[in-house]
Amino acid sequence: MAIATTNPATGEVVREFDELTDDQVEQALQRAHEAFGTYRDTTFAQRSGWLRAAADILDAEVDDLARLATLEMGKTFAAAKAEVSKSAYGLRWYADNAERALADVPWSPASAPEGARVFTRYQPLGPVLAVMPWNFPYWQVFRFAAPALMAGNVGLLKHASNVPQVALAISDVLRRAGLPDGAFQTLLVGSSKIEAIIDDDRVRAVTLTGSEPAGREVGARAGKNVKASVLELGGSDPFIVMPSADLDVTVEQAVTSRLLNNGQSCINAKRFIVHADVADAFTEKMVAKMEALTVGDPMDDGTDVGPMSQAQGVEDLDQQVRDSVAAGARLLTGGEPLGGPGYYYPPSVLTDIPESAPAYREELFGPVAMIFRATGVDDAIRIANDSPFGLGGSAWTTDDAEKERFVNEVETGMMYINKFTESTAEVPFGGAKNSGYGRELADFGPQSFVNAKTIWIQ
């Protein structure tokens, strides 16, 4: 895949970039290695100062930075501005909280004599390679970079090839914030160079947010090299609706969650598992709301849903929908790529989905909702768990017993009740099953890429 900015709203190639040569990659790895030798000894106060300065730049330049995201991957301008602001908040949160999260942890073993000191000290690992996706091109990077940098590591960013200008902008923001040379570098390289970078002894850990196939390859490579890794992969999140839920509120939240980021988010609600008693009413309301949305230019204030990020994404989604209908699923609205320039797919709804249909177990990464009927709590949990994915999920009910069952029995890394799944700096983020392993955000962020060293002094 070429490293280029292609405007998803028009299909126009705006700018192309040369991939780094092997010599340039080697130079970057050596800069990271040398930078770590001194950066690891900087203080929390110095690191937090750099992060706060970066946050200030994000706030001051939010419009310009947001336009880049909209230009390169098609999210609405309003959503892009919100993402830049969220990134600034995340930087400040880690500037304020990382030192606490990485403080020495004391222990009291029975065999330790009086006066002995036994504790865990968190120490940085070294250069961390981050393989990041295009769908939240700022937030995904900063949610790795902020905790990793605060822990004393240095960062190497291999961003998605369709958001090179955002990738370079992130490096520029951190450079202008005062981060030392080599402490954070963007590598404009294709996926073919990732294995060699992981293999390099100077790289000590890897984090990837992306597809399940990409995660399997990167995780396997990291494992072969005995290097720490965190994987946040795909999701097909269940959104369970029980009869006690306020249907109007629930449908509103269902549509908002499904179409967040033009339907291209790992934690979008994708499978709507609705109790049979309210399934007809829920479906009717959801279809009406989906059909009322405005699809168009992501820079226009009146646009609800912008384009998908790439032509291939539209083709893949369209094929999944077509194959699902051919297998017996029923299409209630949408289901046809929109004509004209740009990569547009309409808000769509599938129901009566048989197990043989792609929509039953595959992730549909675009503005398509799948509605399933459940006969009760047991059946809802069965359907929710009948998926290879286990990232997040939500359930909508006022019944306390039902809440406890969904919290305890739905197989996900995150479960929200009467709220759809989100990511925020203060709360751990990560999945189960084929949605990956490890945790990001909260205290897990800086603790993911450290040596938790046991110290015993007597």
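Predicted model: local features only at pLDDT ≥ 70, side-chain atom pairs only at ≥ 80, totals over all residues.
Nonpolar side chains tend to be buried together in soluble globular proteins. In this model, the largest nonpolar core comprises 84 residues. Leu129, Tyr138 and Phe184 have the most contacts inside that core. Beyond its neighbours within four places in sequence, Leu129 touches a run of aliphatic residues that includes Leu156, Ile194, Ile197, Ile198, Val203, Ala205 and Val206. Lys158 and Thr207 are also in contact with Leu129.

The largest pocket has a volume of about 1,200 Å³. Its lining is made up of 44 residues. Trp134, Gly210, Ser211, Ala214 and Gln310 are the closest to the pocket centre. Helix 8 gives the most, with six residues. The lining has 18 nonpolar, 17 polar and nine charged residues.

The second largest pocket has a volume of about 660 Å³. It is lined by 34 residues. Nearest its centre lie Ala79, Ala82, Phe136, Leu260 and Asn261. Here the elements giving two or more residues are helix 4 (77-101), helix 5 (139-150) and helix 9 (247-259). Helix 4 gives the most to the lining, with six residues. By class, 17 lining residues are nonpolar, nine are polar and eight are charged.

Terms used
Residues numbered from 1 in each chain as written. Heavy atoms only, no water. Core = buried A, V, L, I, M, F, W, Y, C linked by side-chain atoms within 4.5 Å. Buried < 20%, exposed > 50% of the residue type's maximum accessible area, 1.4 Å probe, protein only. Contact = heavy atoms within 4.5 Å. 1 Å grid on protein atoms, 1.4 Å probe; cavity = no way out; pocket = protein on both sides within 12 Å on 5 of 7 lines; lining within 4 Å. Points joined across faces, edges and corners; volume = space filled by probe spheres on them. Helix = DSSP H or I, 4+ residues; strand = E, 2+ residues; numbered from the N terminus. Nonpolar A, V, L, I, M, F, W, Y, C, P; charged D, E, K, R; others polar.
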